[in-house]
Amino acid sequence: MTTAGSRSVRTRQAAVSLLLGLCSACIAIAAAAGQPADVQALMQRLGRVERVEVAYQERVESGLIDTAIGTRGNLVYQTPDRIRRISDDGNGFALVGERMQIIRGNQVVDALLVSEIEPLAALVGALRATFAGDLAALRADYRLDYGTTEQAWTLDLAPRAMALSPLFQRVRIIGDGATIETIEMLEANGDRRTLQMQLLAREPTGLE
Amino acid sequence: MPLPTPVRRWILLAVWLFVLGLLALWNGFNLRPSTDLSQFLPRGVSQQDEVLLSQVRGGVAARTLLLRIGGERPAEALADASRALAARMRNDEGFAQIANGGLDLAMRETDPDLFRYRYLIGPPGACVDALTEPGLRAALEERLAELASGAAMLDKEHFGADPTACYRQLLRALIPPHTPDRRHGVWFSPDGVHALMVVVTHAQASDLTAQRRAVERIQHIFDQLPESTGLTLELAGPGYFAVGSEQRIKTETLVLSIAAGIATAGILALAFHSAALVLLGMLPLLSGIMVGAALVSWLFGSVHGITLALGVTLLGVALDYPVHVYAHAAGADARQTKPVWRTLLLGMATTVLGYSALAWTSFDGLSQLGVLAAAGLITAALTSRYLLPALMPVDYRLPERRWLTRLQARRPRCSSRAGLGLLLVGLAGLGLVLSIGGNPWETDIRRLSTVPQAEIEKDSLIRAQLGAPDVSRLLYVVADDEATVLERLEAVLPDLKVLQAQELIGGFDNVARWLPSPQTQAMRRAELPDPAELTVRLAAANAELPFRLERLAPFVADVDASRGLEPLTAADLADGLIGTRVSMLLQPLGDAWLGLVPLSGVADQAVSPLEALAERLGIRYLDLREGTADLLAGFFAETVEKFLIAAVVIALALALALRSLARIGLVLLPIVIALVWTFTLLLLIQGSVNLFHLVSLLLVAGLAVDYSLFLNRPAADEADRLRTLLSVSVGAGSSLAMFGFLALSAIPALQAIGFTVTLGILCAYVLSLLLARAGPVG
């Protein structure tokens, strides 16, 4: 029982890193595939990507601090279920299936199961549905809002489940053609995280 | 004796039955049988014994049930069933704690008491010592890194009140030293075949009714779960065993006693050709049991279940008394029967003297046993002697027995010299067995049990799979008050950490890690800065950092509030997150307080450093297994001592009664040989001798005294001699049938009793027959 309290703290940390990692991967894939006409087309293209590697830059604005802070790092997604996100100072996580390793200073410091914590499991399930192009599963957990203008497309993910709503209000992914410009995550308390992605490598190469 | 008229006989019988009924009523109201084996153990003589027994009897460990779910289905299905079962059980009031490795919803809530007291009880590094300017700066830098990485997102609710993550570190300190393997979010055996769960019941281990309810409730909830289809639930743990063994003992004892009763009655019916005599023959034994039990419950307040069972066993001698009465009262005149009664009462008196040696032990269970058996035997003998002859049918005559005449004519006779030879052979065999086998006493308490071996093995297996092997070594401290106990426990922490770092011990659980002594809490409280000082330190720490200090106002307020807190006590935590854990490690012991530090993975080399540090810091090191073994060894030593005294007393009583050295020798020789042979064979066949064997040997002694006295009794004529042979043979046959059935039992205790007595009767009967010298009078 007592394990659970501190475990939930660790899981929470992991949950957020994972969320951002998955979103980043998602965006990188979208960027590679070009600007789709609708969310179905977006899903189909995402499902075709087997591996992608991006450089990311993250910026955090919070009510706790006066000035925004930022980190940089590298992220790799590999079908069907591997994600590894490491910042330049060696912090991050590696996810294989249900098992997640927490990395600090380039060392694995902890391992946990994604299914242990409901919000994390829901998050992983939904974002994996995104990668697999499983629109029905995605719609079960999130309200989707997809829109395009001449300059950009926008995909909003808003959680339906109560488990996720204390975590974040909305994830907004904005792209222009095949290029992702920003991903914004608006937390329930008003804090905002913004990721910018730059594609380094992608398989299969012919997707463009 | 004038022949009683039928009316007088009926009145006598009615009065006897009425008194028996009254005694049965009295016993029904006053008998509180307990079947908890540990309560049969000696009462503690030292403080260590007391701690030991309190742990064996009533500790939380004794209230813990181990569950495992298995079946031919994927691991996910097992995990789902485990979660569903735990969720349902958490809503049930009978269970204090349920742990299956899954996240308990209550755990995600912050425990208000722990949070409020975090600066007094939390790890100093993240709490009281982190309130300096450098400490605060380090903490703020760490929080900033967490904010950047996203790690702080879910923990942000605590940032304003707890920027040093004091509470988070307190929770980390609460992580038990060992946790089992986890799959799909719940505990699993390392091979992944079983989902595991630990349940602590509210009910005491000795409260069998409540334990049975808990066990049945668990099984019922499991059976009702849709998730449990195709899965099986297995239980282990002291409470489950107690319930199981109670049920098993009840059923098996019932079946075996019915079978044994039928066999015994059959033999008696064959021998005496009279249903009335068979039924009447049960009355002395019943009277003995009723009087013995009533006397014990009057003297001791209650009767232990095992006392009752063993007492009835010892009263087995009383089965022979009616047989002697029947054989001799019918067909012999008063002149001939007088010496028979004398022999019967002499046999009873010597056996009673032997049994009453038990009454003077320091062990409650044994003294109860001695009183019950002695009182019961006197009652049985007196009722057999004085009531049975008056109740026998007036015109009853013994049936002719050709086989008896043949047996008498052909029975081989050995000289006393051959007897001495047999004794020497027996003693040599015993010496050989002892020199090869070593200590003959069974001192492993787990085997002094009514639980079948397979169940004990299952229990050990589940414990090993849970990564929580039976904690048998611990440090403990007893002091007048909780504060002193906590101070001593605190003092031992640094040494334990060193031993753990040296890998001499695998882990330990010390309540002082998260509940420091009031003194330490007061010291920490005194170190807390006032709001003005803390604000200044915070500002300095945040000088080059971007935090908005106004968001940390709750932190300043909480530290200030902590300066007015009275130190936290175990009682304050009773209903919270860790109430059960605290009550496990810190508990009242009589008027004093007991603090326990269970140790796991203790290497052999760790024992002397542990003993040294215990000595230095005024605490005690205890190995439960060694401790109980010592306790049992003491028990055996005392019991054997009493047996020797009993033997001397019996010999003296016989000497007084027989007044002839030669006859004493004749009577004693078969008894001694029978005991030596039985003991030796027992050791050879069973490997060691436990409590049940030992008590059964006492019965064997009683029976052997009876056989030998009767067969060596000077007979008036051939018919008298034949009657004696008949009574001894029928008595031995019926006892053999009765205990032979017990020897078939799967319950270790019953099997031990049955086997020993069967073996003993064979030895005693055959030897008495071989060595008897019953010449005619004159």
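I started with burial: buried means under 20% relative accessible area, exposed over 50%, and partly exposed in between (1.4 Å probe, protein chains only). I also noted that this is a predicted model, where local features need pLDDT of at least 70, side-chain atom pairs count only at pLDDT 80 or more, and totals for chains, interfaces and linings use all residues. Residues are numbered from 1 along each chain as its sequence is written, chains are lettered from A and ligands numbered from 1 in the order in which they are written, and side-chain values use heavy atoms, without hydrogens and water.

**B:Leu170.** I found B:Leu170 in helix H8 (residues 166-173) of chain B; helices are DSSP runs (H or I, at least four residues), numbered from the N terminus. B:Leu170 is buried because its relative accessibility is 1%. Leaving out residues up to four places away in sequence, I listed its contacts (heavy atoms within 4.5 Å): B:Leu114, B:Ile121, B:Gly122, B:Pro123 and B:Trp514.

**B:Thr680.** Next I looked up B:Thr680, which sits in helix H28 (residues 661-686) of chain B. Is B:Thr680 buried or exposed? I get 9% relative accessibility, so B:Thr680 counts as buried. Beyond its neighbours within four places in sequence, B:Thr680 contacts B:Gly426, B:Gly429, B:Leu430 and B:Val433.

**B:Val19.** My last stop was B:Val19, in helix H1 (residues 6-30) of chain B. B:Val19 has a relative accessible area of 40%, so I put it down as partly exposed.

Terms used
Helix = DSSP H or I, 4+ residues; strand = E, 2+ residues; numbered from the N terminus.
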